[in-house]
Amino acid sequence: MAVETRAALDARKLRADFPILQQEINGKPLAYLDSAATAQKPRQVLDAMTHFYETSHANVHRGVYTLAERATEAFEGAREKVARFVNAPSSRELIFTRNATEGLNLVAYGYGLASLGPEDLVVVTELEHHSNFVPWQYVAKRTGAGFRMISLTDTGELDLDSLDAIAAEGQVKVVAANLVSNALGTVNPVERLAAWAHEQGAAMVVDAAQAVPHRAVDVQALGCDFLAFSAHKMCGPSGAGAVWGRRELLERMEPFNLGGHMIRKVQFEETTWGDLPHKFEAGTSPIAEAVGFGAAVDYLLEVGLEAIEQYEHDLVAYALERMAAVPGIQMYGPPPERRAGIAAFNMDGIHPHDVAQVLDWEGVAIRAGHHCCQPLMTRLGVAATNRASFYLYTLPDEIDRLTDGLLRARKVFG
Amino acid sequence: MEDLYREVILDHYKNPRGHGVIEDADASAEGMNPLCGDEVAIYVSFEDDGETIEEAKFSGRGCAISQASTSMLMEMVQGRTASEVSELSKDELLEEIGIPLTPIRLKCALLGLGVLKVALHRTKGTPLPAEWAGLDEEFKVS
């Protein structure tokens, strides 16, 4: 508990908003250090969804009755909030999805499949989550396009020196990168990548699932063309996500899912598509989840994105310092000033599963595995890593308990 | 709780029996636990009767549970025939491991058994229960 935080954020006070954190696991207070996998939910979000179900639930965009109008207003109000949250020029460019993965698939299928050919290149990074890697690998195979990967430096950062060599190999049409790495916490220079992509005449696709919950994200300032994220990683419910796209690109694209709601006119001979964003929202949307998504945005704005970013920076700096003192620990990733609130590591001679198991005895929940980043694991030369990830409700003494747990694991395994 | 890593598990983890590769093995297969990326390869050589397992070895990387259970398995199957091993039940191995496992850790504990059954299935045509068919497919694809 030696950490001094400069941020205007009182995690102890905020924790009172999170009912799930008020419990013991194996006789110890729960220390939830897996927010990069999914964040816990404050009562404000849970209440907003319950309230919606209890007072306003109906299907949206259809009925003319009062309740349906109320539901539509809540749903579209949430869209406005989420769109403003990432500074989208228009909420019509903000498409609700199930999660970031679905948003990235929407772009890969809707944009990639139609615009790529054998002369073209798709460029991803060695740091990608499978959700922004596999769809592009697949679409490249389907279209005959080349598939390239921006490699990493030893600190787990993108090696931008490799860009020229990639550009010399073909016509770059898509550049796909995450803004913050889920596995290492690396904050990637997406503005620079977007500028480079545009110099090549390519579209810049950003997986912002690990960024939007933790720092102010502005799609216009980033200069990207598409940006996807999930509600569940930002204190909202699972089952809702969003992808923002530049209007001229979205308008040119074919729909991803077909069916109800996304149409203008259906006849036996032909169907025409509805306007944005509805063209991409076939079927009944996750309505209450969208409302919860909007409530999560309200919650984060109330806490303040800058305060969250600063607080997590202080936490991760503290964690890296404390953990470095554990015997036989190998830390991965960049220094604190270039990373988000994620600490990735391995313990010599102890498999991550076993580390996580021992920590669970202490009530400390961390992630062990490949983190859906197998190309990165290959680069690191390991099958799996441990990952502790922090959020606005993480306490410095939970990091102390993490460190103590690692010492216990060392004792068990020798 | 620390029963999970009772002495015998840690002993097998730190000093695995049958760890290594059999060059020119009579049967072999490799498999992966997609949940965690752990990999195990298993090699088998038969005695002159072509049925009795003379030696079984494994290589790969994994957690204490997967490494210890595979190590125990290598000891268990030595001297048994391919068809006996193809019928070896999960419970028999789990009894040997002797600790209660959560569903996730069960996958760790049983990976080696699945890969061994795949290896025997390929070489000897022994039956492969449906639950291990995925391991076989995965190998063919890669």
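Across the interface of chain A and chain B, 7 residue pairs are in polar contact, with both residues of each pair at pLDDT 80 or more. On the side of chain A that touches chain B, the elements giving two or more residues are helix H12 (352–361) and helix H14 (396–413) of chain A. H12(A) gives the most to this side, with 5 residues. By class, the side of chain A that touches chain B comprises 8 nonpolar, 9 polar and 2 charged residues. The structure is a predicted model, and every value reported here is computed from it.

In terms of contacts, 19 residues of chain A meet 20 residues of chain B. The size of an interface is often given as the accessible area lost when the parts come together. For chain A and chain B the buried area is about 1500 Å², and carbon and sulfur atoms give 56% of this area. Within chain A, the residues that lose the most area to chain B are His353(A), Trp361(A) and Phe413(A), which together account for 34% of what that side buries.

Side chains of opposite charge can pair when their charged atoms come close. Between chain A and chain B the rule finds 1 salt bridge. This salt bridge joins the side chains of Asp354(A) and Arg105(B), with an N to O distance of 2.9 Å. Over all chains, the search of the whole structure returns 27 salt bridges. One of the salt bridges within chain A pairs Asp397(A) with Arg12(A), where the closest N and O atoms are 3.9 Å apart. This pair links distant parts of the chain, since Asp397(A) belongs to helix H14 of chain A and Arg12(A) to helix H1 (residues 11–15) of chain A, 385 residues apart.

The largest pocket holds about 1100 Å³ of space. It is lined by 49 residues, of which His353(A), Ile366(A), Arg367(A), Ala368(A) and Ile104(B) are the closest to its centre. His353(A) is also among the residues of chain A that lose the most area to chain B. Elements giving two or more residues to the lining of the largest pocket are helix H4 (100–115), H12, strand E15 (364–365) and strand E16 (367–369) of chain A, together with helix H5 (103–124) of chain B. The largest share of this lining, 5 residues, comes from H12(A), the helix that also gives the most to the side of chain A that touches chain B. The lining of the largest pocket divides by class into 22 nonpolar, 20 polar and 7 charged residues.

The largest cavity contains about 50 Å³ of space. Its lining consists of Ser35(A), Ala36(A), Val180(A), Gln210(A), His214(A), Glu312(A), Ala340(A), Gly341(A), Ile342(A), Ser389(A) and Phe390(A). By class, 5 of these lining residues are nonpolar, 5 are polar and 1 is charged.

Two features of backbone geometry in chain A are reported. The peptide bond joining Leu276(A) and Pro277(A) is cis, with omega about 0 degrees. Pro277(A) lies in the loop between strand E12 (271–273) and helix H10 (287–303) of chain A. His61(A) is not a glycine, yet has a positive phi of about 70 degrees. His61(A) is located in the loop between helix H2 (43–55) and helix H3 (66–85) of chain A.

Key. Residues are numbered from 1 along each chain as its sequence is written. Chains are lettered from A and ligands numbered from 1 in the order in which they are written. Side-chain values use heavy atoms; hydrogens and water are left out. Contact means heavy atoms within 4.5 Å. Buried area is the accessible area (1.4 Å probe) that two parts lose on being put together, summed over both. A salt bridge is a side-chain nitrogen of Lys or Arg within 4 Å of a carboxyl oxygen of Asp or Glu. A polar contact is a pair of N or O atoms within 3.5 Å; within protein, one must be able to donate a hydrogen and the other to accept it, and residues adjacent in sequence count only if both atoms are side-chain atoms. Helices (H or I, at least four residues) and strands (E, at least two) are DSSP runs, numbered from the N terminus. Ala, Val, Leu, Ile, Met, Phe, Trp, Tyr, Cys and Pro count as nonpolar, Asp, Glu, Lys and Arg as charged, and the others, Gly among them, as polar. On a 1 Å grid over the protein atoms alone, a cavity is a set of points where a 1.4 Å probe fits but cannot get out, and a pocket is an open set with protein on both sides within 12 Å along at least five of seven lines; lining residues have an atom within 4 Å of a point. Grid points are joined across faces, edges and corners, and a volume is the space filled by probe spheres set on the points.
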